[in-house]
Amino acid sequence: MGLHGVKAVFFDLDNTLIDTAAAGRRAIEEVISALQGKHHYGEGEARAVCDKVQAKLLKECHDPAKMCITDLRISHWEEAIQETIGGEANRDLAAECYYLWKTTRLQHLTLSEDTRAMLTELRKGLRLLLLTNGERQTQREKIEACACQPYFDAIVVGGEQKEEKPAPSIFHYCCDLLGVTPAECVMVGDSLDTDIQGGLNAGLKATVWINKAMTAPVDTSPVPHYIISSVLDLPAVLQKMEHNANAKLETDHMAGSNE
């Protein structure tokens with residue numbers, strides 16, 4: 001697909017190409033089952049532990065110079081268990097829960113056949129780049145788990161850079177990697193705050209927001225150029241962009257001829 005002006009597409013990973021949220025829910029259910037079956041927790045207690053861990057993950061601040069991500073996340077489980085059950089800290093149980101959660105989540109992170117086919121087709125005419133925020137080890141494990149490396153010309157992980165999305169610097173770094181300008185790139189992602197705002201900050205040609213629920217955002221800012229309910233709708237958006245570019249060329253040509 002040769003597009004007028006578009007040479008590259010940047011894709012977010014989590015909840016854009018892979019359903020990280022669904023994989024996370026499956027992982028939590030596995031831990032709840034283990035806590036109930038093997039460790040005789042009540043369902044309420046087991047769910048309370050997992051709810052607390054998820055709250056800690058949302059607020060997580062990780063400094064790789066001070067602690068590795070594994071130790072930090074085992075600590076989340078250790079604290080959650082102690083806050084729910086009381087008594088002595090149980091590092092062994094915390095580690096068991098963490099590894100069960102992590103392994104189950106990774107097992108369920110898959111790149112669907114439809115998504116693979118779409119990426120393969122797009123790559124015939126465009127350069128594709130994976131741009132994901134997050135801690136280096138965690139994101140690299142997800143990339144490995146869903147085996148998406150062969151579909152991209154480059155992969156950039158926010159945790160390996162000086163700044164993450166929505167900083168313009170990481171987008172400009174991606175452009176340099178592919179040898180393109182921001183005005184030749186499209187950003188596709190599910191987050192208004194990082195993917196869309198970042199694409200706008202960096203001056204990309206277009207931003208495409210994946211809004212699975214197709215509900216109106218509470219805040220009207222930032223405003224994406226296009227909204228789709230699934231990443232599989234992207235080729236139609238790119239075709240629309242091409243059609244609009246062709247129409248503009250034709251209009252400009254006719255205006256030039258009439259002068």
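**Entry 1: ground rules**

I call a residue buried when its relative accessible area is under 20%, exposed when it is over 50%, and partly exposed in between (1.4 Å probe, protein chains only). I am looking at a predicted model, where local features need pLDDT of at least 70 and side-chain atom pairs count only at pLDDT 80 or more, while totals for chains, interfaces and linings use all residues. Residues are numbered from 1 along each chain as its sequence is written, and side-chain values use heavy atoms, with hydrogens and water left out.

**Entry 2: a salt-bridge network**

I looked up Asp195 and found it buried, with a relative accessible area of 0%. Its side chain meets that of Lys165 in a salt bridge (2.7 Å, N to O); the term asks for a side-chain nitrogen of Lys or Arg within 4 Å of a carboxyl oxygen of Asp or Glu. Lys165 sits in the loop between strand 3 and helix 7, and Asp195 in helix 8 (residues 192-201), 30 residues apart. Helices (H or I, at least four residues) and strands (E, at least two) are DSSP runs, numbered from the N terminus. Lys165 is buried as well, at 5%. I also noted a network of salt bridges that links Asp12, Lys165 and Asp195.

**Entry 3: another pair**

Searching the whole structure gave me 16 salt bridges. One of them joins the side chains of Glu184 and Lys7 (3.2 Å, N to O). Glu184 lies in the loop between helix 7 (168-178) and strand 4 (185-189) and Lys7 in the segment before strand 1 (8-11), so this pair ties together parts 177 residues apart in sequence. Glu184 counts as buried at 17%, whereas Lys7 is partly exposed at 45%.

**Entry 4: two domains**

I then turned to the domains, whose bounds come from an automatic or database domain assignment. Domain 1 covers 8-19 + 110-256, and domain 2 covers 21-108. Their centres, taken over C-alpha atoms, are 32 Å apart. Nine residues of domain 1 are in contact with 12 of domain 2, contact being heavy atoms within 4.5 Å. How many salt bridges cross the interface of domain 1 and domain 2? The rule finds one.

**Entry 5: two buried residues**

Met118 lies in helix 5 (residues 113-122) and is buried at 7%. Leaving aside neighbours within four places in sequence, I see Met118 in contact with Phe11, Val231, Leu232, Leu234 and Pro235. Thr207, in strand 5 (residues 206-210), is buried with a relative accessible area of 0%.
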